Amino acid sequence: MIVEQIWTGNAYRNFNYLIVCPETGDALAVDPLDFRKCLDAARRNGWTIRKILNTHEHGDHTGGNKAMVEATGARVYAHANAAGHIPHMDQGVTAGDIIRVGNTVELECLDTPGHTMRHICLLSHTDQPALFSGDTLFNAGAGNCHNGGHPNELFETFENQLEKLNEDTLIYPGHDYLINNLRFTLDREPDNDTARKMIADYERQDPDDALVTTLAVERRINTFFRLQSPSVIARLLDDFPDIGDAPSPRTVFLKLRELRNSW
Ligand SMILES: [Zn+2]
Ligand SMILES: [Zn+2]
């Protein structure tokens with residue numbers, strides 16, 4: 001499997017992706033908002049875009065569908081409940097469905113509600129797995145729930161699905177929010193030296209050649225995976241004394257999500 005991460009350079013800092021079968025050159029485009037950059041990358045490399053997957057229904061993920069379908073005739077996949085909410089959608093998918101690309105690539109659909117209630121993440125069946133996490137999981141962060149989502153469901157997606165992935169799973173999110181999210185981590189956990197070092201190392205990174213983390217790395221830098229960290233809990237008690245000194249992971253997650261909304 002070849003993964004081409006495409007930096008849009010837009011104000012929302014979207015990442016688009018091409019997932020390619022190295023044998024056939026067939027490609028699936030994930031959220032190809034910047035259809036020109038996606039088409040250029042395919043043309044340059046001799047790849048053929050046959051499929052599109054929208055992780056969810058927001059316009060900064062689906063806005064390239066029309067032009068992409070017109071240019072390639074690709075088939076558009078998205079969450080089954082997104083029918084009627086996504087332009088040019090052809091096929092609904094649910095948890096456990098497999099999307100094939102060429103001869104070699106199998107992508108498993110995970111039903112991951114929270115950011116919206118119609119959100120799909122793709123998990124590759126490869127020696128080293130890769131997760132295309134849309135707006136559910138970001139580097140060092142979690143999606144917001146302002147536009148059709150629910151924090152409680154987002155917690156359950158983290159707890160029941162993301163937490164259970166292999167430690168070496170590569171994380172390919174829908175936006176580049178790394179540095180801002182690391183600052184939130186440090187705000188919540190001032191003694192997180194890994195996050196502090198990562199800001200220094202990547203503050204000036206070229207998003208065209210962005211750091212790709214793994215789940216193991218996220219567990220160290222992403223507050224939303226650090227629900228039992230004594231310093232996260234101690235700091236949270238300053239803002240929410242009523243949670244007590246042994247709050248449940250759900251309570252910690254929901255309070256962190258609430259703080260992040262106005263941070
Ligand atoms: Zn979104
Ligand atoms: Zn987005």
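**Entry 1: a ring pair**

I began with Phe132, which counts as buried because its relative accessibility is 1%, where buried means under 20% relative accessible area, exposed over 50% and partly exposed in between, with a 1.4 Å probe and protein chains only. The model is predicted, and I noted that local features need pLDDT of at least 70 and side-chain atom pairs pLDDT 80 or more, while totals for chains, interfaces and linings use all residues. Residues are numbered from 1 along each chain as its sequence is written, chains are lettered from A and ligands numbered from 1 in the order in which they are written, and side-chain values use heavy atoms, with hydrogens and water left out.

Next I looked up the ring pairs, where rings of Phe, Tyr and Trp (its six-membered ring) pair if their centres lie within 6.5 Å, and planes under 30 degrees apart count as stacked, over 60 as edge-to-face and the rest as tilted. The count by this rule is twelve aromatic pairs. In one of them, Phe132 and Tyr172 have ring centres 5.1 Å apart and planes at 10°, so I wrote this pair down as stacked. Phe132 lies in strand 10 (residues 130-134) and Tyr172 in strand 13 (residues 170-173), so that the pair links distant parts of the chain, 40 residues apart; strands are DSSP runs of E with at least two residues, helices are runs of H or I with at least four, and both are numbered from the N terminus. Tyr172 also counts as buried, at 11% relative accessibility.

I then turned to Phe224 and Phe253, whose ring centres are 5.3 Å apart with planes at 65°, so that pair is edge-to-face. Phe224 sits in the loop between helix 7 (215-221) and helix 8 (230-239), whereas Phe253 is in helix 9 (residues 249-261), 29 residues apart. Both Phe224 and Phe253 are buried, and they belong to a cluster linked by ring pairs, which also takes in Phe155, Phe158, Phe184, Phe225 and Trp263.

**Entry 2: the sheet**

Which order do the six strands of the open sheet have? I read it as 7-8-9-10-13-14, with mixed pairing, where two strands pair if DSSP finds at least two bridges between them. Strand 7 (98-101) and strand 14 (213-214) stand at the edges with a single partner strand each, so one side of each has no neighbour in the sheet. Strand 7 runs antiparallel to strand 8 (residues 105-111), and four bridges join them; Arg100 stands opposite Glu106 in strand 8.

**Entry 3: the zinc ion (ligand 2)**

I listed the protein donors of the zinc ion (ligand 2) as Asp60 (OD), His61 (NE2), Asp135 (OD) and His175 (NE2), lying 2.0 to 2.4 Å from it. Donors are N, O and S atoms within 2.8 Å of the metal (3.2 Å for Na, K and Ca), and water is not among the atoms, so sites may look incomplete. The angles among the four donor atoms run from 87 to 163°, and the site is irregular. The zinc ion (ligand 1) is 3.4 Å from the zinc ion (ligand 2), and Asp135 coordinates both. Asp60 and His61 are both buried.

**Entry 4: cysteines**

Taking a disulfide as a pair of cysteine sulfur atoms within 2.5 Å, I found a count of zero disulfides. The sulfur of Cys21 is 18 Å from the closest cysteine sulfur, in Cys109, which is too far for a bond.

Methods: Tetrahedral: all angles 85-135°; square planar, octahedral: opposite > 155°, others 65-115°.
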